Amino acid sequence: MTNRLELSGHVVKAPVRSLSPAGIAHCFFSLEHRSTVMEADLPRQVYCRIQVVVSGQRSQALTQHLVLGSNIKVGGFVAYQTGRNGLGKLVLHADNITQI
């Protein structure tokens with residue numbers, strides 16, 4: 001099975017860094033994507049916003065230059081997470097971030 005997503009866009013929620021109780025570093029931010037794609041031979045405006053998390057030893061190196069408005073390309077896997085309010089959402093767990 002494959003679970004891999006690459007998405008480009010800009011940072012719309014500034015990165016927030018934290019440590020888990022186990023001492024694992026995490027960085028959370030939100031990415032917004034807008035583009036035009038062809039669907040059924042017609043142009044379609046596409047918009048999405050997704051929370052991104054970068055975890056582990058590489059999190060600081062991958063996110064040190066991120067600021068609000070940064071244009072980036074993110075790669076990783078998606079997972080479903082349920083928030084404290086009981087609502088679920090997809091989260092992109094990034095293992096690669098490049099500035100564009």
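Trainee: Happy to start with the strands: how many bridges join E3 to E5?

Mentor: Strands here are DSSP runs of E with at least two residues, numbered from the N terminus, and two strands pair if DSSP finds at least two bridges between them. E3 and E5 run parallel. The number of bridges joining E3 to E5 is three.

Trainee: Before we go on, what kind of model is this?

Mentor: Residues are numbered from 1 along each chain as its sequence is written, and side-chain values use heavy atoms, leaving out hydrogens and water. Local features need pLDDT of at least 70, side-chain atom pairs count only at pLDDT 80 or more, and totals for chains, interfaces and linings use all residues, as this model is predicted.

Trainee: In what order do the five strands close into a barrel?

Mentor: The pairing in this barrel is mixed. Neighbouring strands are turned by 40 degrees against each other on average, direction ignored (axes are lines fitted to C-alpha atoms, with angles from 0 to 180 degrees between N-to-C directions). The order is E1-E2-E3-E5-E4.

Trainee: And which side chain does His26 join through a polar contact?

Mentor: His26 lies in strand E2, residues 25-39. Leaving aside neighbours within four places in sequence, its contacts (heavy atoms within 4.5 Å) include Val53, Val54 and Ser59. A polar contact is a pair of N or O atoms within 3.5 Å, where within protein one must be able to donate a hydrogen and the other to accept it, and residues adjacent in sequence count only if both atoms are side-chain atoms. At 2.7 Å, the partner of His26 is Ser55.

Definitions and conventions:
Helix = DSSP H or I, 4+ residues; strand = E, 2+ residues; numbered from the N terminus.
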